[in-house]
Amino acid sequence: MSGVTTADVDFVMPVYNEGGNIERALREIQEKVSLANRVLVVYDFDEDNTLPVLRSLAEEFPNVQAIRNTLGRGVLHAIRAGIAATTAEVVVVTMADLSDDVAIVPRMVEMIRRDGYDIVCASRYMKGGRQQGGPFLKGLMSRVAGLSLHWLAGFPTHDATNAFRAYRRSVLVETPIESQGGFAYSLEITAKAYAKGRKVGELPSVWRDRSAGESRFRLRAWLPHYLKWYFFAMTHRPGRRGA
Ligand SMILES: Nc1nc2c(ncn2[C@@H]2O[C@H](COP(=O)(O)OP(=O)(O)O)[C@@H](O)[C@H]2O)c(=O)[nH]1
Ligand SMILES: [Mg+2]
């Protein structure tokens, strides 16, 4: 994307050797998201096998920009580096492994731009949403966390741990991330924003486990981060204001 035009939506897409998935992931966005968009593909190292594929697609996808994450290795640093490069009013974090169905992105963007939402969560655990495949324990814990926060604490989504989420960019800018690794930052940001009175909504979404490449999800290592923000979300509701 050139000149001073700003896209309707900037995607932040972290990648770690997604050479087998990236073309399909970009085509899905091209086919299902007819908004002006940029896709910021964030990689950690120059030998990443996603890069040659990206170079071969450069002409066909002028909206795609490869960004080298220089904040430190790992998916959280990559997402932070991607967020730092965003300019659009709406930022969507999504994965390159074809797990997320980007067909809901236009509605996510509409909810933020037209209906005043600040964060829209893709939700596997509400009516119409689904989780297909993936490790049993990871899925079970994610579901129990999401449903307990929703039903016990009134958390505004059934799916607290999904990273596939649309954010009003200003919310990302004003919310410092304390999480040190993994994907718990998405629960952190959403819980903090909700506690501050920001409007958080959800849309049903189907998540499918990847068929190419390998997951780098580290349940044990990241569990303490999740628990910290789970507890925060359980105990911080927005204060009553106005109506
Ligand atoms: N830049 C970067 N991206 C990563 C890293 N680990 C995972 N990713 C990307 O993050 C997304 C989700 O990762 P994945 O390991 O499949 O997690 P899962 O979907 O929870 O199993 C994919 O697009 C990966 O390529 C990393 O260390 N650095
Ligand atoms: Mg995955």
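Leu-98 lies in the loop between β4 (90-93) and α4 (105-113), where helices (H or I, at least four residues) and strands (E, at least two) are DSSP runs numbered from the N terminus. This is a predicted model, in which local features need pLDDT of at least 70 and side-chain atom pairs count only at pLDDT 80 or more, while totals for chains, interfaces and linings use all residues. Residues are numbered from 1 along each chain as its sequence is written, and side-chain values use heavy atoms, with hydrogens and water left out.

Leu-98 has a positive phi although it is a residue other than glycine, and Asn-17, which is not a glycine either, also has a positive phi. Asn-17 belongs to the loop between β1 (9-14) and α1 (22-32). The table gives their values; buried means under 20% relative accessible area, exposed over 50%, and partly exposed in between (1.4 Å probe, protein chains only).

| Residue | Phi | Relative accessible area |
|---|---|---|
| Asn-17 | Asn-17: about 50° | Asn-17: 30%, partly exposed |
| Leu-98 | Leu-98: near 65° | Leu-98: 25%, partly exposed |

The protein as a whole has 8 helices and 9 strands. Its radius of gyration, taken over C-alpha atoms, is 17 Å, close to the 18 Å that the globule rule (2.2 Å times the number of residues to the power 0.38) gives for 243 residues, so the protein is as compact as a globular protein of that length. The C-alpha trace spans about 50 × 40 × 35 Å along its principal axes, and 52% of the 243 residues count as buried.

Terms used: Chains lettered and ligands numbered in written order.
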